[in-house]
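User: Hi, could you help me read this structure? I would like to go through it piece by piece.
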Amino acid sequence: MATIARLTPGQTLWQIRRQKCGNTTIRMNVLFPVCVVSIAEDGKSIMASWNTNPARKMTAADVAKLKVKKPEPKGKVLGMDSY
């Protein structure tokens with residue numbers, strides 16, 4: 001779990017989300033990178049780019065859900081890694 005006080009600009013965090021596999025009812029956990037662009041001066045929010053999209057503001061509650069170390073896959077679903 002990440003905290004804003006320990007982050008640096010340019011650091012990559014990781015988010016795991018549950019997502020459907022195409023046009024099926026199968027669901028799997030997928031991994032997305034979150035790149036920290038800047039940290040607010042008050043230390044309560046950051047600007048971060050999720051999955052190489054334009055940067056947006058993330059609060060401390062959003063940052064707490066992110067992982068600092070890249071997790072290892074737990075298994076495979078339809079040949080793709082599942083976290």
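User: Which residue in E4 does Ser 45 stand opposite?

Analyst: In this model, which is predicted, Ser 45 stands opposite Thr 59 in E4. The strands E3 and E4 run antiparallel, and four bridges join them.

User: And what lies between those two strands?

Analyst: E3 and E4 form a hairpin with five residues between them. Asn 51 is in that turn, that is, in the loop that leads from strand E3 (45–50) to strand E4 (56–59).

User: What is the phi of Asn 51?

Analyst: The phi of Asn 51 is positive, about 55 degrees, although Asn 51 is not a glycine. That deserves a comment because most residues other than glycine have a negative phi.

User: Which other residue has a positive phi without being glycine?

Analyst: Leu 78 has one, with a phi near 55 degrees. Leu 78 is placed in the loop between E5 and E6.

User: Why does Asn 51 count as partly exposed?

Analyst: Its relative accessible area is 28%, and partly exposed is the class that lies between the buried limit of under 20% and the exposed limit of over 50%, so Asn 51 counts as partly exposed.

User: How many bridges join E2 to E3?

Analyst: Five bridges join strand E2 (residues 27–39) to E3, and these strands run antiparallel. In this part of the sheet, Ser 38 stands opposite Met 47 in E3.

User: Changing topic: which residues make the nonpolar surface patch?

Analyst: Ile 26, Leu 78 and Met 80 make a nonpolar surface patch of about 280 Å².

User: What about charges, how many salt bridges does the count come to?

Analyst: The count comes to one salt bridge. Lys 76 forms a salt bridge with Asp 81, and the closest N and O atoms are 2.9 Å apart.

User: Are those two partners buried or exposed?

Analyst: Lys 76 is exposed, with a relative accessible area of 59%, while Asp 81 is partly exposed, with a relative accessible area of 32%.

User: Last one: where is Lys 69?

Analyst: Lys 69 has its place in the loop between helix H1 (60–63) and strand E5 (75–77). At 72% relative accessibility, Lys 69 counts as exposed, because the limit for that class is over 50%. The C-alpha atoms of Lys 69 and Val 36 are separated by 14 Å, and these residues are 33 apart along the chain.

Conventions:
Residues numbered from 1 in each chain as written. Predicted model: local features only at pLDDT ≥ 70, side-chain atom pairs only at ≥ 80, totals over all residues. Heavy atoms only, no water. Buried < 20%, exposed > 50% of the residue type's maximum accessible area, 1.4 Å probe, protein only. Pairing = 2+ DSSP bridges. Patch = residues over 30% accessible without salt bridge, like charges linked within 9 Å, V, L, I, M, F, W, Y side chains within 5 Å. Areas by Shrake-Rupley, 256 points an atom, 1.4 Å probe, with all protein chains shown as cover. Salt bridge = Lys/Arg side-chain N within 4 Å of Asp/Glu carboxyl O.
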